[in-house]
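Let's take a walk through this model together. Keep the 3D view open and follow along as we go.

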Amino acid sequence: MKPSGKERTYLKTISQLMGGAATGVFSIIAPSYAQSDEIIVTATKREQTLQEVPIAVSVVDDRSIEQSNVQDLFDLQTMVPSLRISQLQNSSQTNFTIRGFGNGANNPGIESSVGVFIDGVYRSRSAAAILDLPVLERVEILRGPQSTLFGKNVSAGAISITTKRPEFEWGGNVEASYGRFDEVIFKGSLTGPISENLAFRISGSTNNREGFYTNVIDGSDINERDRWSVRADLLFEPTENVTFRVIGDYNKIDEVCCGAIQIFNGPATTFAIGAPPPVGLGRVIDSSADRDFSVAYDARVENRLTGKGISGQMDWDLGGAALTSITAYREQSDFSETDADFSGAAIITNPQDREFKTFTQEIRLASTGDNTVDWLIGGFFFDEKVNSSRDVIFGADARGYTDGLTALLGAPGALGAFEAALMFPAGTFFQSGTGVFGDYRLDDRSYSVFGQLDFHLTDRLTLSGGVAYLYDKKEVIGDSLLTDALSNIDLVQVGFAGAFQTITGLPPTPANLGNPAFAGAVAAATAISTTACTTPPSAPCNSVLGLAPLQFFDPQVNFPNANESGVFEDDKVTYTLRAAYDVSDWLNAYFTYSKGWKAAAVNLSSDSSPPDPVTGLGRAAGPEDVTLYEVGFKAKFDQGYINFAVFDQTIEGFQSNIFIGTGFVLANAGEQSARGFEVESLWQPWEQLVATAGLTYLDPEYDSFPNAPCASFVGAAPAACLVPGASTFDASGLRPAGISKWSAALSLTYTQPLTETLEMYLRGEADIQSDVATVENVPAAISSRNVEQLNLSLGFNWENGFEIQGWMRNALNDKYLIQSFPTTAQQGSFTGYLNEPRTYGVTIRKKF
C-alpha cells in the first residue's frame with residue numbers, strides 16, 4: 001500500500017535530513033521509512049521501490065557515502081551491521097561475510113559465498129570490487145541466499161552496486177581529499193550529450209597514502225595505497241523503447257601490503273630466529289602482543305593488480321514486457337609477493353601470480369505495468385579461465401632456522417647426521433631456492449535458468465514464488481614440483497629399512513623382504529618404523545620420525561591422475577517462496593522461505609592433496625546447500641519506525657578453509673547454522689535531528705561437523721585430538737569463531753540551515769560488536785576481538801554545489817584483530833591482522 005501525498009512529503013523530508021544514511025545503516029529487514037518511496041532497488045531483478053520489496057535488503061545511497069566519507073567497500077561495514085569485509089595478506093584478497101557466512105578470499109579455486117555485482121555484472125573475484133567506488137547511485141546489500149535470481153555463488157548474500165547513468169545535460173563533479181598518512185584522493189566525473197540520442201559519462205580517481213605499518217628492519221611503510229582507475233560510460237537511446245549502455249573500465253593497484261603483527265611468539269620464533277648465534281639466527285622479530293602497527297620483514301611485500309573490462313546492456317520495452325540483456329568480458333591479473341615467515345629472517349617467501357578471464361551473459365524478460373500476476377524469466381551464463389602459480393621458496397636462513405629447531409627438539413645436528421646417513425651432500429636439506437612450485441589451471445563453466453511469479457491476490461496480500469536450475473562444471477589441472485629434499489622423504493620407510501637391517505644384518509631388498517624366514521623381522525621393523533621415540537626411549541623406535549614436524553610440505557600429487565579426474569560437476573534446483581501482507585496502514589509483515597546453493601570448491605595450491613581414505617578430507621569440498629526461514633514486521637509511527645525480524649539460516653556442507661601454519665585445510669562442515677533476530681528503529685524527535693539504532697543477535701553453530709580437522713581447531717578441539725595419530729574430531733555443537741553474538745549500529749545526524757544558501761550537518765555513527773574468538777585454530781585467550789568504533793563528520797553545503805567536510809574515521813582509535821593464524825612453520829607462534837587506526841582529513845567537493 002503506497003503512502004499518501006502527505007506521508008511521502010514527510011518521508012522525503014527525513015530522507016533529505018539523513019542524506020539516506022539512516023537507511024544505509026539500519027534497513028536490516030526491509031525498506032525503512034527514512035527513505036522516500038522513490039528509492040528504486042533491483043533486488044528482485046526488476047525495478048521496485050524499497051517499500052515494495054519484501055526481502056532483507058539494505059540500501060546505501062550516494063549522499064550517505066559522501067556524508068560518511070566512505071572511500072571503499074570496507075567502510076560500508078559501519079553502515080550495514082550484518083556485512084563484514086576483511087583484507088588480509090594482500091591488496092587483492094578480500095572476504096565478504098553476511099550474517100556470519102562467507103569465504104573465498106585465499107584461493108582462486110574457492111569462490112566467494114557473497115556475490116558482488118556492478119551494474120548487473122557479476123564480479124567473480126572480490127579483488128575487482130575493492131577499488132575506489134565509481135560515481136554511485138546506490139549500493140544494495142541483500143541478506144540470505146539469492147541463488148534463485150542471481151545465480152552463481154550467492155549462497156550467503158549479494159552486494160549489488162549501481163552507478164549513475166550518463167545524462168543528456170552537462171554536469172559533473174570534482175573532489176579532493178587530504179588526510180592522515182599523507183592520504184591524497186582525487187575524483188572527478190563529467191557527463192553530457194554527444195548527440196540527441198547519445199550521452200557519455202567519464203570518471204576517474206586516484207588514491208595514494210603512506211602505510212600505517214612500519215617495518216622495524218628498514219623503517220619502510222607497509223599497507224600503503226597506490227591505485228587509480230578510469231571509466232567510460234555511453235548511453236544510446238535510439239528510440240523511446242530501446243536503450244543501450246556500454247561501460248569500459250581500467251584500474252590498477254601497485255602497493256606495498258600487507259602487514260601482520262605478532263600476537264604471540266613461541267619458542268621457535270623467540271629462540272630459533274631471535275636468539276643470537278649459536279642458539280638462533282639473531283634476526284629481528286616483532287615483540288609479542290605488539291599493537292603499534294610494527295612488523296619485522298626481511299623481504300618486500302608487494303601487490304600488483306590490473307583489472308579491465310567492458311560490458312553492454314540492452315533494455316527493450318516491448319509493451320507489456322521488458323527485455324534486458326547484459327553481456328560482459330573482464331580480465332584481471334594479480335601478482336603478490338609475501339614474506340611468508342613474517343619475521344626478519346629469510347626463511348620463506350611466497351610469490352603468487354594469477355590471471356582471470358571471465359565472460360558473462362544474462363538475459364531476462366519481465367512483465368511491466370499493473371498486473372494481477374507479475375512474471376519474470378531469464379538465464380545466466382558464466383565462463384571463466386583461471387591460470388595461477390603459487391610458489392613457496394626457502395631463503396638463505398632456512399637451514400640455519402631448522403637447525404635451531406632441531407636443537408630446541410633436543411637433537412642438535414640431526415639434519416646433518418641424517419644427510420650423512422643417506423649419503424646426501426651437506427646442506428641438501430632446506431637449501432636456498434628449493435621448496436614447492438605449482439602451476440594450476442581452472443576452467444569454470446556454469447549457467448542458470450530462472451523464473452518468478454508474483455501473485456497480487458488482494459491490495460494487501462502478495463504471494464511470490466521463484467525457481468532456478470543451476471549447473472556448474474569445473475575442470476582443474478594441477479602441476480606442482482616439490483624440490484624440498486626432506487619433505488620428499490618417507491620417514492617411515494627410512495625407519496623400516498634401518499630397523500630391518502639392524503635386526504637381520506641384511507639390506508631390505510625385495511628378495512629378503514619376501515623370504516618367509518624374515519617374516520618376523522618384517523613385522524618387528526614395521527612396528528618400530530611407526531613408533532616415535534620418547535625421552536628417554538622406552539622401546540625400539542624410529543628416531544627420524546622426530547624430523548616429521550620439519551616436513552613443511554606434503555608430497556605433491558598432480559591431477560588429473562588415475563584416481564582423480566580433475567572434473568567437478570554439480571547441478572541444483574533452488575527456489576524461493578515469499579508472502580507480504582499489509583496488516584494495517586502502519587503495520588506490514590512478510591515471510592520468506594528460500595533455498596540457496598554454491599558449487600564445489602577446489603584447493604588450487606601446494607596444500608592440495610588427494611582425499612584421505614579415512615577422513616575424506618582432500619583437495620576439494622562439495623557444494624553448499626542453504627535453507628532460510630525469515631519472518632519480519634515493519635511498523636511506522638509519526639516520528640519514525642521500528643522493525644523486527646527473526647531468521648534461521650542453515651548451510652549444509654559449508655566450505656571451511658582454515659590456515660594451520662603449513663597450509664590450508666579445505667573441508668565441508670556437515671551443517672552450519674545461524675539463528676537470530678534483528679531490530680531496527682528510527683526516531684525523529686524534531687525536524688533537524690534524526691537518530692537510528694539497530695541491534696543484531698546471532699547464534700551460530702556447527703550443527704553437524706563429524707570430521708573436523710584437529711589442526712583447524714587449536715584451543716577448541718577436545719581431548720580426542722590429543723590421541724596419537726588423531727587428525728579429526730566431531731565438532732558438532734561448537735560455535736563457529738569470528739561471529740559476534742551481539743552487534744549494534746547507531747547513528748545521529750543533525751542538520752541546520754545557517755543561511756538561505758548554506759547548510760551545516762553533523763553526523764556520528766558507531767559500530768559495536770561483542771567479544772568473539774577471531775578463528776578456530778588460534779586459542780581465544782590469544783586472539784579475540786570486540787569492536788567499539790566511532791566515525792564523525794562535519795560538513796557545510798552551499799546551494800551552488802560546493803561542499804567542505806571534515807571527517808574522522810575510527811575516532812576512538814579502537815584496535816582489534818580482524819583475523820589471526822598460526823605463524824608459518826613456527827609452531828606455538830601466532831600472527832594477526834589489525835584494523836586501520838584512526839584516520840582524519842578534509843574533503844572538498846564541487847558539483848556542477
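Start at strand β10 (residues 171-179), which 7 bridges join to strand β41 (residues 839-847), the two running antiparallel. Strands here are DSSP runs labelled E of at least two residues, helices are H or I runs of at least four, and both are numbered from the N terminus. Two strands count as paired if DSSP finds at least two bridges between them. In this pairing, tyrosine 178 stands opposite valine 842 in β41.

Before going further, a word on what you are looking at: this is a predicted model, in which local features need pLDDT of at least 70 and side-chain atom pairs count only at pLDDT 80 or more, while totals for chains, interfaces and linings use all residues. Residues are numbered from 1 along each chain as its sequence is written, and side-chain values use heavy atoms, with hydrogens and water left out.

Back to β10, which also pairs with strand β11 (residues 183-193): 9 bridges join them, and they run antiparallel. Here tyrosine 178 stands opposite valine 184 in β11. β10 and β11 form a hairpin with 3 residues between the strands, and phenylalanine 181 in that hairpin takes a positive phi near 60 degrees.

Another hairpin is made by β31 (664-686) and strand β32 (residues 689-704), with 2 residues between them. These strands run antiparallel and are joined by 14 bridges.

Now for a sheet. How many strands form the open sheet, and in what order? There are 5, in the order β3-β8-β9-β6-β7, and the pairing is mixed. The edges are β3 (57-61) and β7 (121-123), each of which pairs on one side only. From one strand to the next, the twist averages 20 degrees. (For angles like this, axes are lines fitted to C-alpha atoms, for helices over the stretch in contact, and the angles run from 0 to 180 degrees between N-to-C directions.) Within the sheet, β6 (residues 114-118) and β9 (residues 157-163) pair in the parallel sense over 5 bridges. Valine 116 has isoleucine 159 in β9 as its bridge partner.

Isoleucine 159 turns up again in the largest nonpolar core, which has 35 residues; Leu76, Leu83, Val139 and Ile159 have the most contacts inside it. A nonpolar core here is a set of buried Ala, Val, Leu, Ile, Met, Phe, Trp, Tyr and Cys residues joined through side-chain atoms within 4.5 Å. Buried means under 20% relative accessible area, exposed means over 50%, and partly exposed is in between (1.4 Å probe, protein chains only). Among the elements that each supply at least two residues of this core are β6, β8 (136-143), β9 and β31. Leucine 83 touches Leu76, Gln77, Thr97, Ile98, Ile141 and Ile159, leaving aside residues up to four places away in sequence; contact means heavy atoms within 4.5 Å. Apart from this core lies another, of 31 residues, including Phe552 and Phe553.

Next, the helices. In α5 (residues 267-274), Ala268, Thr269, Ala272 and Ile273 are buried. Seen down the axis of α5, these buried residues fall within an arc of 105 degrees, so they line one face of the helix; the arc is that of the directions from the helix axis to the C-beta atoms. Part of what covers them is α6 (398-408).

α6 also packs against helix α7 (residues 414-421) at an angle of about 105 degrees, with their axes 8 Å apart. That makes α6 and α7 roughly perpendicular, a label for angles of 65 to 115 degrees (under 35 is roughly parallel, over 145 roughly antiparallel, and the rest oblique). Where they meet, Arg399, Thr402, Asp403 and Thr406 in α6 contact Ala414, Leu415, Gly416 and Glu419 in α7.

Most residues other than glycine have a negative phi, and most peptide bonds are trans. Cysteine 257 and cysteine 258, though, are joined by a cis peptide bond, with omega about 20 degrees. Another cis bond joins phenylalanine 559 and proline 560, with omega about 5 degrees. Asparagine 810 has a positive phi of about 55 degrees and counts as buried, at 2% relative accessibility.
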